[in-house]
Amino acid sequence: MSDLLLVRHGETAWSATGRHTGRTDVPLTARGVEEAISLAPYFQDRHPALVLTSPMRRAEATAQLAGLTGGVSDPDLYEWDYGGYEGITTAEILRERPGWSLWTDGVPPGDAEHPGENAAEVAARADRVLARVAGVLREDRGDAVLVAHAHLLRVLTARYLGLPPEAGRLFLLRTGTFSRLSTEHGLPVVAGWNTHP
């Protein structure tokens, strides 16, 4: 069976400062561009059967700079909608809500463009992505690559492993990295995580 390769986009000004970046379309920083380019050697000799990207320009630019051609934009790969916490850091939230956790406490609603999501809603999108790539992986036509965002990919990893979406908190994911989900003896496994080429 082929592998599912996850790529988190390169650094943005908001990711560098820890601001929750859901639907705000923030571009890559110069460092983010370098991170994306550094992924190209890893993908140079690979010929994925499917490349899906988040519609956000930070993900699409990362895919292009990494040499992943033919990517298809998939709205289910948008980052977690942080609602009223869009653009706010965890430290700022904790001053108002001590002990808060995105994974268990969720987010307050925001404006019309940022209504907010809970873990189950993000998991539903991740499950749809996994269903779309399942045929490609099962038929062993080549790897599938997803270029997206930290929290979404963490939830997707939890769902791939058969875990609840809240278990995504266990999978720290840095900018400009790739990870590999595979199988061993027919069971889903993490074969590589948070890797820099």
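**Close-up views of salt bridges and a helix pair**

The count of salt bridges comes to 12, where a salt bridge is a side-chain nitrogen of Lys or Arg within 4 Å of a carboxyl oxygen of Asp or Glu. Please keep in mind that this is a predicted model, in which local features need pLDDT of at least 70 and side-chain atom pairs count only at pLDDT 80 or more, while totals for chains, interfaces and linings use all residues. Residues are numbered from 1 along each chain as its sequence is written, and side-chain values use heavy atoms, with hydrogens and water left out.

**View 1. Helix α7 (residues 119–138) meets helix α8 (residues 150–160).** Helices here are DSSP runs (H or I, at least four residues) and strands likewise (E, at least two), numbered from the N terminus. The two axes come within 9 Å and cross at roughly 65°; axes are lines fitted to C-alpha atoms, for helices over the stretch in contact, with angles from 0 to 180 degrees between N-to-C directions. α7 and α8 are therefore roughly perpendicular to each other (65 to 115 degrees; under 35 is roughly parallel, over 145 roughly antiparallel and the rest oblique). On the α7 side, the contact (heavy atoms within 4.5 Å) is made by Val 122, Ala 123, Arg 125, Ala 126, Asp 127, Val 129 and Leu 130. Leu 152, Val 155, Leu 156, Arg 159 and Tyr 160 supply the α8 side.

View 2. Glu 35 is buried, with a relative accessible area of 8% (buried means under 20%, exposed over 50%, partly exposed in between, using a 1.4 Å probe and protein chains only).

**View 3. Asp 76 and Arg 128 meet in a salt bridge.** The N to O distance is 2.7 Å. Asp 76 lies in the loop between β3 (72–73) and α5 (90–96) and Arg 128 in helix α7, so the pair ties together parts that are 52 residues apart in sequence. Asp 76 is buried at a relative accessible area of 10%, whereas Arg 128 is partly exposed at 39%. Both belong to a network of salt bridges that links Asp 74, Asp 76, Arg 128 and Arg 132.

**View 4. Glu 117 pairs with Arg 125 in a salt bridge.** Here the side chains meet at 2.8 Å, N to O. Glu 117 counts as buried at 12% relative accessibility, and Arg 125 counts as buried at 6%. You will also find Arg 125 in the contact of View 1, on the α7 side.
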